[in-house]
Amino acid sequence: MNKEILNKFSNFLVKVIAVIFMVLMGMNSLLVLTKTAIFPKDYQETLYYENDSAILNIMFLIIFSIVILILARYLKKIISVQRLVLIVMIYAFIVSILFAILRRDYVQFDPFNVIDQANNFIRENYSGLDKGNNYLYIYSHQITTVFLFQIILSLFGRATFILYIMQSFSISYIIFMLYKISNIMFDDEDTNYLVVILSGLCFPLIFYVAFVYGLLPGMFLTLLAYYYFIKYTKHKKWYMLVISAISINVAILFIGNNLIHMLAIFSAAVIYLIRVRDKKVVAFIVSCLFLMTASKSLIYNYYEVKSQKSIADGVPKITWIAMGMQEGDREAGWWNRFNYDIMPEEDYDTKRITEISKDSIKQRVEVFKKNPRYAVDFYQRKYENQFIEPTFQSLLVTAPQRNFDSETKLEKVKDFFVKQIYFDETHHVLTFIMKVFQVFVYVFSVVFAVNMYKKKKEILTIIPVAFIGGTLFHMIWEAKSRYVFPYFVFLIPLAAYGLIIVRNKITEYRKNKEEKDEKGNI
């Protein structure tokens, strides 16, 4: 097959990705302009929806865009983008630590179980692996996250504050990597300034410091993998692929869903291979798959040797698909305890549980067939509740659990700020900013998608493919707005570039109009 045909085929693939991404961003833009998903004031995991004024949201979007463009232009005159990145990284680290200290409370949900098991393993207590109603026996896939937390806690001490520091560093370096990716993808200084400013305004990123889990370090490592793969396509240094492979595999150990990001890199790699025959990229793909399998196997074998217990298979994966098709107390397709409760109910018989899950899927398919309107409503709600909730659960999963009625004087001072962030006037201001920020990212990502369609560069496909893959995955799997949060954050460089494209078009139009007016006057 000649080179011209291969180039046309690769261009076609990029165009297909651009069109799908454009449709998703267009749909998200329309949704967030007209509707908002909100959690109640008591932070129960039940959503309700408010209709918005599209005209007002467009006005706020225009004002927000103009303000950050003016700010970027001003900062460009007084400080280099490299120094600005450093300042924003330091700001993010300090604010994150302060928020963690102010909010310091019980660790809840999955983070509690992961930290608890990591501490138990440090003490060589492996009872959590025993058959029964134990977190790791049911959700055995979390053992890789426990392994990494065990290493961190063993090296730096078992205080939860050590993990807050890890979280804060992760936030700072997520900002740094967003800047680096923007720089290598677009090579546009104005875009870089916008990316840094926008990253500093991404408040959910700060609030997630209190959700002590593998989310934030996994995001940083994923961006690192993105960056070094893109850098390889430009500089062809083999060590860049090594860094990318290691980074994405450690990210997967932190959070298994980061496999979607590995596949996104693979998609860009395949398009790149169609254009350029490069054995190193083939070796990179094979190495990533080997490392993923080998690292998981080594961790499982390590714990089996240390504990003298076998690691259970855990709840079958099909239960997440079944749960993703069910209604619940929360919302369509959200976690409803199905895949947790079913284990003890069926005496941990995974074959029986698999059959029950298949039957549940068949029943729901029949319901959807008989009631197509309900099926549309169900999946519409499942989609909307993930993508139009502006906080991405960053406040819900970190909401304080302590009693504010019995406070000391010091606690009253500290809790004044906590109440402001979660309940009072400041909360409304922050929520408003997060809403406008969300609208901005989706709308200008549409502009990027159009530009991507025209440019047809494979390196531009990684983040869009990850977003598309994450969307499809969570429409099938369990749904929650916090699961799509990483994909949203990764859109920041694309949205920033989209705004610069619009600004340049407006500038060009005004310049041409002025030239025509001058010629007309002559």
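A salt bridge, as counted here, is a side-chain nitrogen of Lys or Arg within 4 Å of a carboxyl oxygen of Asp or Glu. Side chains of opposite charge can pair when their charged atoms come close. The structure above is a predicted model, and by this rule it holds 17 salt bridges.

Let us begin with one of these pairs. Asp 190 and Lys 76 form a salt bridge whose closest N and O atoms are 2.7 Å apart. This pair links distant parts of the chain, with Asp 190 in helix H8 (residues 189-200) and Lys 76 in helix H2, 114 residues apart. Lys 76 counts as partly exposed, because its relative accessibility is 37%.

Now move along to Arg 381, which forms a salt bridge with Glu 331, where the closest N and O atoms are 3.0 Å apart. Here too the pair links distant parts of the chain: Arg 381 belongs to helix H17 (residues 372-387), while Glu 331 sits in the loop between helix H14 (318-323) and helix H15 (338-345), 50 residues apart. Both Arg 381 and Glu 331 are buried.

A further pair is made by Arg 352 and Glu 346, with 3.5 Å between the closest N and O atoms. Arg 352 has a relative accessible area of 44%, so it is partly exposed. Glu 346 is partly exposed as well, with a relative accessible area of 24%. Salt bridges can also share partners, and in this way Lys 76, Glu 189, Asp 190 and Arg 503 are joined into one network.

Trp 238, Tyr 239, Val 242, Ile 246, Phe 290 and Leu 291 make a nonpolar patch of about 620 Å². Helix H11 (238-254) and helix H13 (279-307) are the elements that give two or more residues to this patch. Which helix gives the most? The answer is H11, with four residues. Ile 246 lies in helix H11, and this residue counts as partly exposed because its relative accessibility is 46%.

From the surface we can go on to empty space. Rolling a probe the size of a water molecule over the atoms shows where empty space is left. The second largest pocket has a volume of about 620 Å³. It is lined by 26 residues, and those closest to its centre are Thr 36, Ile 38, Glu 50, His 428 and Thr 431. Strand S1 (35-38), strand S2 (48-51), helix H2 (54-78) and helix H19 (425-455) each supply at least two residues of this lining. H19 has the largest share, with five residues. By class, the lining of this pocket has 14 nonpolar, seven polar and five charged residues.

Finally, look inside for cavities, where the count is two of 30 Å³ or more. The largest cavity has a volume of about 50 Å³, and its lining includes Arg 103, Tyr 106, Phe 211 and Val 397. That lining has eight nonpolar, one polar and one charged residues. The second largest cavity, of about 30 Å³, is lined by Cys 202, Pro 204, Pro 390, Phe 392, Met 434, Phe 437, Gln 438 and Phe 488. Seven of these residues are nonpolar, one is polar and none is charged. H19 supplies the largest share of the lining of this second largest cavity, three residues.

Conventions: Residues numbered from 1 in each chain as written. Predicted model: local features only at pLDDT ≥ 70, side-chain atom pairs only at ≥ 80, totals over all residues. Heavy atoms only, no water. Patch = residues over 30% accessible without salt bridge, like charges linked within 9 Å, V, L, I, M, F, W, Y side chains within 5 Å. Areas by Shrake-Rupley, 256 points an atom, 1.4 Å probe, with all protein chains shown as cover. Buried < 20%, exposed > 50% of the residue type's maximum accessible area, 1.4 Å probe, protein only. 1 Å grid on protein atoms, 1.4 Å probe; cavity = no way out; pocket = protein on both sides within 12 Å on 5 of 7 lines; lining within 4 Å. Points joined across faces, edges and corners; volume = space filled by probe spheres on them. Nonpolar A, V, L, I, M, F, W, Y, C, P; charged D, E, K, R; others polar.
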